[in-house]
Amino acid sequence: MAIDYSERIPNNVNLAGDKTLQRALEHWQPHFLDWWREMGPSDFAAADVYLRTAVGVDAQGWAHYGATKMPDYRWGIFLADPVADRRIGFGDFCGKPVWQQVPGEFRSQFRRLIVTQGDTEPASVEQQRLLGHICPSLYDLRNLFQVNVEEGRHLWAMVYLLHAYFGRDGREEAEELLARHSGDVDKPRILGTFNEPVSDWLSFFCFTYFTDRDGKFQLKSLAESSFDPLSRTCRFMLTEEAHHMFVGETGIGRVIKRTLEVMKELGTDSQEAIRRQGAVDLPTLQRYLNFWFSSSLDLFGSEISSNAANSFANGIKGRPDESNYADHIALEGDYDLALPEGDHATEQKVAMRSAMNEVTRAAYVKDCEIGLKRWNIQMKRAGFEFQLTLPSTRFRRSIGAWANVPTGLQGHIIGREAYERGLPGWIPSESDRAFVKSLMQRVTAPGKMASWVAPPERGINNLPVDYEYVHLG
Ligand code: BYC
């Protein structure tokens, strides 16, 4: 379905046919642009960026490339095409036709989920706003900005739903999405990870690998929703999300490649020697992975959650790839959970519906492991023993059954003191962060890379790596 770019707000939802909604969104638009100017990528408004813009929502239409100034990017409202006779795929209403409006009794649950989803999008742009100043290459700078404008569009996607289906409350929530800010003491973003600073590119690559991947799984769950406009919105968002995870996976892969080159050249794995050459030693990378993985695990909510059970029962939020499950009702059968009890973990059976957050988290962990396997093969092939691992899902949790339970990386419960002592060696220490910060020298000559990252294997849209992806002017 084509997107109408002649409109002030590009869309494929026939916005012109609903003047009240159109006016309401046109009223919100300048607030969004003010927010982008104040909280978006700092100081790059005049740069021409080789951006991908969606022109349609089908397989061919969503990738139109060209040089664009970010404030001129055509943020808009794009829903995936409707599926004819779509039926509810899970929960108590399984098999009934999907809803085109929000049922009154589920209104506040839907609103809460849409607001939580919407809140993460501008949050991530805020977290990343200063990274442009310390970009390792023009190629990376362009990818950062591509991610940023798309997160901006994902905010539009949720704001459209709030305006179109939640009346006055929705409009108020849409304003609040621009009023909360990442890391703000008084008005922080809703979910923990989105208040963590992303102040260097190693964190950015970890964020796009781990945190954007939470986005993939949450969007997949919401794409199953009985509320069809939410499902269609999330389906289209998922096509864009794939690029964000690509940035994370290839980014970390390139850091590793560069480190391996340096280790080979020097014939040592000495941290000092590697760091002196301006590369990231692998144990430091491991600590960054530990930090972002454990933080992102919290984004799935509690292991046992009545909210999740209700959302599943009412057809509000399903499991990612719901069609892969045999039983879409999930009233029978249990889920085995390991829960902390004193100084050890005990196995407990939990009703399946109450464990839906854990079901999604487990699928996410499996997906996270794929990149690690690839990187570990990369290291083995280069002739090195070092292997990256994911810490236990019990490690350093702030939400759920394992919140504030002191464990080591393998998930064994240890004393509080041992935990405090061990932690600086498990997540980036102050000196790790200072070192990584020292590497973050801005590189903007086309094709040139910072000392700590290898060039990508190919450029964007078949262009060479040394193409001028951002014209700084
Ligand atoms: N931090 O029963 P519980 C993305 C709250 S990322 C702080 O345990 P429930 C993106 C929870 O809200 C995807 N608070 O879990 C990535 C609830 O609060 P209220 C974002 C947390 O309700 C990169 C309370 O604890 N999308 O798109 O099942 C760049 C008890 O909740 C946290 C979504 O998350 C936390 N980590 O919630 C850009 C989808 N975890 O309501 C974008 C929408 C839980 O009692 N959200 N809480 O005050 C949801 O589906 C659900 O709200 C949750 C789990 C997944 C967050």
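I started at the ligand, with serine 302: one of its polar side-chain atoms sits 2.5 Å from a ligand oxygen atom. I counted a polar contact as a pair of N or O atoms within 3.5 Å. This is a predicted model, in which local features need pLDDT of at least 70, side-chain atom pairs count only at pLDDT 80 or more, and totals for chains, interfaces and linings use all residues. Residues are numbered from 1 along each chain as its sequence is written, and side-chain values use heavy atoms, with hydrogens and water left out.

Next I looked up lysine 317, where a side-chain N or O atom is 2.5 Å from an oxygen atom of the ligand. For asparagine 357 I noted 3.0 Å between a side-chain N or O atom and a ligand oxygen atom. The protein covers 81% of the 1000 Å² of accessible area that the ligand has on its own (Shrake-Rupley method, 1.4 Å probe).

Who else is around the ligand? I found 29 residues surrounding the ligand, taking a heavy atom within 4 Å as the cut-off. The closest are Gln117, Ser302, Ser305, Asn307 and Lys317.

Then I moved to the helices (DSSP runs of H or I, at least four residues, numbered from the N terminus). Helix H3 (residues 138–165) and helix H4 (residues 167–179) have axes that come within 6 Å and cross at roughly 155 degrees. I used axes fitted to C-alpha atoms over the stretch in contact, with angles from 0 to 180 degrees between N-to-C directions. H3 and H4 are therefore roughly antiparallel (over 145 degrees). Contact here means heavy atoms within 4.5 Å, and the residues making it include Leu155 and Val159 of H3 and Ala174 and Leu177 of H4.

Technical notes
A polar contact is a pair of N or O atoms within 3.5 Å; within protein, one must be able to donate a hydrogen and the other to accept it, and residues adjacent in sequence count only if both atoms are side-chain atoms. Helices (H or I, at least four residues) and strands (E, at least two) are DSSP runs, numbered from the N terminus. Angles under 35 degrees count as roughly parallel, over 145 as roughly antiparallel, 65 to 115 as roughly perpendicular and the rest as oblique.
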